[in-house]
Amino acid sequence: MAGVSVHSLLEPEAGLALTVLAGKAGLGRKIGGNRIQKPGLALTGFTQHVHPERLQVLGLTEVAYLRSLDEAGQRRGAQSLGSIRPCCVVVTRGLEVPLALAEAMEQANVPLLSTPLMSSVFINRVSKLLELRLAPSTQVHGVLIDVLGVGVLLLGKSGIGKSEAALDLVLRGHRLVADDVVEIRRRQPDIILGACNEIIKHHMEIRGLGILNIKDLFGISAVRDYKRVELVIELDAWREDEEYDRLGVEERRYAILDVALPMVKLPIKPGRDLASIIEVAARNQLLKQQGKHSAREFQERLSRAMDDARPPALLLPTDDVE
């Protein structure tokens, strides 16, 4: 089953402050979705709509209900929840867990975890974490850079100059996200996030110089860990027999994980200031996001000017005119 292992939620970087109370043997279980469930009625024996692939959260109300029962009632309620064999049960607020609940989860090999966070805070954090880790993902060979707040993904054949263009942009004050391998994840419904592989994070390969640490060379302000991809620019070697877009009226699209992103194809040849062109493309994308499309506005003005320049239609005489 694909999903996120319960054990990974214990990592410090997850920010959930979880500790294991029982069911350590089940830490390898998988969480199958980012939706969280509070199985209050399951403690009464009604388990029909409890989804075992979801993380189950017990807060103040659920724990207080269990404690209000006698010892036999606590065992029945805990065993009812354990019979579903949920992937994981988390008790919030650092509440003291009834012994019957810990014993039932241990017997069912269901991880029983505790966090000092309030239920609302924990659910918000773990939902976002699971959404990110369960999101569809892929890898793209290219360079991702933050240009004026626009995430620009540079594509093109190996050796065409993607890294060199990105380095020039870093020198102009823009920020590198990833070089060579870009880790892509889709956030619902149509947000594409790009990040760098941890092994090569903040590094860039420049032919002739080798591997450079951009963070060490230019400081923390020259890099960032992830960025939303908003514009794809494909670098293509200039060919005389190729017809390139000279107006930019019709927008191209590039699909990543079934999300169509705006795309620009840039022909490159010696003498072209590639970094400046990419920077202008990012500025133009910002204008488009604000509803201002320069190429289409120019086409409309041109069409109006051509209409105004047409000679008036000739008025032919009628039979009534002497």
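**Reading the labels in this predicted model**

Q: What makes the pair formed by the side chains of arginine 207 and serine 158 a polar contact?
A: The two side chains are 3.2 Å apart in this predicted model. A polar contact needs a pair of N or O atoms within 3.5 Å, one able to donate a hydrogen and the other to accept it, so the pair of arginine 207 and serine 158 is counted as one.

Q: Where does arginine 207 lie, and which residues is it in contact with, leaving aside its neighbours within four places in sequence?
A: Arginine 207 is in the loop that runs between strand S12 (203-206) and strand S13 (210-213). Its contacts are Ser158, Gly159 and Glu164. Glycine 161 is 46 residues from arginine 207 in sequence, and their C-alpha atoms are 9.4 Å apart in space.

Q: Why is arginine 207 called exposed?
A: The relative accessible area of arginine 207 is 54%. Exposed means over 50%, so the word applies to arginine 207.

Q: Why is glutamate 62 called buried?
A: Its relative accessibility is 9%. The limit for buried is under 20%, therefore glutamate 62 counts as buried. Glutamate 62 belongs to helix H1 (residues 60-68).

Q: What does the side chain of glutamate 62 reach, and which residues is glutamate 62 in contact with, leaving aside its neighbours within four places in sequence?
A: The side chain of glutamate 62 comes to 2.7 Å from the backbone nitrogen of glycine 59. The contacts of glutamate 62 are Lys38, Gly40 and Leu43.

Q: Why are asparagine 109 and leucine 148 called partly exposed?
A: Relative accessibility is 34% for asparagine 109 and 35% for leucine 148. Partly exposed covers the range between buried, under 20%, and exposed, over 50%, so both residues take that label. Asparagine 109 is in the loop between helix H3 (99-108) and strand S7 (112-114), and leucine 148 is in the loop between strand S8 (137-147) and strand S9 (150-156). Phi is near 60 degrees, a positive value in a residue other than glycine, for asparagine 109 and for leucine 148.

Q: How do you know that the charged end of lysine 269 sits over the ring of tryptophan 238?
A: The charged end of lysine 269 is 4.1 Å from the centre of that ring. The label asks for a distance within 6 Å and a position within 35 degrees of the ring normal, so lysine 269 is counted as sitting over the ring of tryptophan 238.

Q: What span is expected of helix H4 (residues 119-134), and what does H4 reach?
A: With 16 residues at 1.5 Å a residue, the expected span is 22 Å. From first C-alpha to last, H4 reaches 22 Å, close to that value. Its buried residues include Phe122, Val126 and Leu130, and the strands that the buried residues of H4 pack against include S5 (55-58) and S6 (88-91).

Definitions and conventions
Residues are numbered from 1 along each chain as its sequence is written. This is a predicted model: local features need pLDDT of at least 70, side-chain atom pairs count only at pLDDT 80 or more; totals for chains, interfaces and linings use all residues. Side-chain values use heavy atoms; hydrogens and water are left out. Helices (H or I, at least four residues) and strands (E, at least two) are DSSP runs, numbered from the N terminus. Buried means under 20% relative accessible area, exposed over 50%, partly exposed in between (1.4 Å probe, protein chains only). Contact means heavy atoms within 4.5 Å. The expected span of a helix is 1.5 Å times one less than its number of residues.
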